[in-house]
Amino acid sequence: MTKGWYYVIFVDRHGISSQRSWPLWTTIFTFLGVAAILGVTIGLLVHFLAVEKTYYYQGDFHISGVTYNDSCENAASQASTNLSKDIETKMLNAFQNSSIYKEYIKSEVIKLLPNASGSNVQLQLKFKFPPAERVSMRTQIKAILHQMLKNDMASWNAVPASIKLKEISKAASEMLTNNCCGRQLANSIITDNRIVNGKNALLGAWPWQASMQWKGHHYCGASLISSRWLLSAAHCFAKKNNSKDWTVNFGIVVNKPYMTRKVQNIIFHENYSSPGLHDDIALVQLAEEVSFTKYVRRICLPEAQMKLSENDSVVVTGWGTLNMNGSFPVILQEAFLKIIDNKICNAPYAYSGFVTDTMLCAGFMSGEADACQNDSGGPLAYPDSRNIWHLVGIVSWGDECGKKNKPGVYTRVTSYHNWIISKTGL
């Protein structure tokens with residue numbers, strides 16, 4: 001055989017055998033090509049089977065004999081809040097103490113709804129693991145939930161055999177949360193405790209915050225409380241009450257909105273009188289409903305009986321000036337404040353009795369954090385034990401911004417619960 005070649009026997013179409021030679025390098029390249037294809041195929045299989053992916057689940061189980069009705073679209077009763085918190089705590093402990101604690105990301109209660117024999121509890125869960133473990137993981141997750149219910153039958157009247165678990169898409173998981181009030185997409189961690197020269201908000205941290213734009217420019221803040229209604233401050237519209245001049249922007253970038261809506265109607269509190277401080281509350285009705293997304297959601301309205309205590313943590317957000325007569329930010333600003341008792345706020349060295357029971361004070365007597373000009377109408381939000389946020393105040397008035405002994409004063413939303421419901425039907 002000649003060096004560098006080899007011979008193959010083949011039969012042509014006429015049945016005559018002959019010989020044809022192939023270069024050795026062609027054979028080598030062919031072999032390498034096949035090996036490369038096999039390598040890529042095996043690599044892709046390993047990637048898709050071994051690389052971790054995020055999986056979302058919806059769980060459901062029954063509670064016997066006790067009726068709850070928490071659709072998650074409005075503020076929950078204290079009883080259902082306590083039950084949901086207890087279930088969430090037990091779920092967290094169950095998964096963190098299980099063999100799949102590394103795969104566990106999050107679990108929460110979405111709804112508590114009445115049924116014929118009691119209530120149905122809807123859960124949402126999130127895990128991360130390789131696709132090859134998909135079947136076994138679902139089995140383990142369901143088994144852990146089943147055991148949790150068995151352990152808590154006495155305290156919850158749970159029915160362990162009723163547990164159901166199904167995998168859902170990321171989009172379906174987001175929809176479950178989008179329709180709930182007071183849920184953040186991203187938790188916000190404050191490192192700088194000021195709106196004045198403060199910190200940018202994270203995308204999705206405050207999805208109910210809106211910018212009230214008068215003739216295309218930010219003028220006040222507002223809070224989305226339903227697909228059609230926002231709450232703001234009456235003084236924002238005292239001299240600018242033509243609804244056609246107003247639009248509403250959503251998103252954290254004030255001049256590049258994620259969503260924009262026109263205003264159909266502005267409703268002042270009947271007892272508000274410009275330029276007064278009392279009953280500084282107004283409802284804004286949108287011309288078109290908002291579609292809830294992970295970046296645009298409603299905040300929960302508090303029940304009229306909700307009580308705040310001194311030093312409770314709250315957060316204020318807005319696009320107001322960074323200091324008195326200062327510049328405006330482009331990105332939404334945020335700051336955590338503390339509730340200040342009205343008696344302290346009304347001291348002679350503070351506001352000398354001007355703060356009424358329908359108002360509340362928040363900030364620091366040292367003056368280190370405050371809302372500022374054009375933050376008016378924006379939310380003062382309070383998280384409950386499950387980190388679900390409630391609108392407890394509306395930025396209303398104060399003596400300049402961040403001034404010592406002159407904290408921000410807010411319209412107390414609980415005082416106007418019945419008024420809001422009577423006007424909106426929520």
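Which residues are linked with Lys90 in a network of salt bridges? Asp86 and Asp152 are linked with Lys90 in this network. The close-up views below are taken from a predicted model, in which a search of the whole structure finds 10 salt bridges.

**View 1. The salt bridge between Asp152 and Lys90.** The closest N and O atoms of Asp152 and Lys90 are 3.0 Å apart. Asp152 lies in the loop between helix H3 (134–151) and helix H4 (153–156), while Lys90 belongs to helix H2, so the pair ties together parts that are 62 residues apart in sequence. Asp152 is buried, with a relative accessible area of 9%, whereas Lys90 is partly exposed at 27% relative accessibility.

**View 2. The salt bridge between Glu88 and Arg386.** The side chains of Glu88 and Arg386 meet at 2.7 Å, N to O. Glu88 is part of helix H2 (residues 78–96), and Arg386 is in the loop between strand E17 (379–383) and strand E18 (389–397); the pair therefore ties together parts that are 298 residues apart in sequence. Glu88 counts as buried because its relative accessible area of 13% is under 20%. Arg386 is likewise buried, at 12% relative accessibility.

**View 3. The salt bridge between Glu108 and Arg183.** The side chains of Glu108 and Arg183 meet at 3.0 Å, N to O. This pair links distant parts of the chain, 75 residues apart: Glu108 is in strand E4 (residues 104–115), and Arg183 is in the loop between helix H5 (170–178) and strand E7 (199–200). Both Glu108 and Arg183 are buried.

Methods
Residues are numbered from 1 along each chain as its sequence is written. This is a predicted model: local features need pLDDT of at least 70, side-chain atom pairs count only at pLDDT 80 or more; totals for chains, interfaces and linings use all residues. Side-chain values use heavy atoms; hydrogens and water are left out. A salt bridge is a side-chain nitrogen of Lys or Arg within 4 Å of a carboxyl oxygen of Asp or Glu. Helices (H or I, at least four residues) and strands (E, at least two) are DSSP runs, numbered from the N terminus. Buried means under 20% relative accessible area, exposed over 50%, partly exposed in between (1.4 Å probe, protein chains only).
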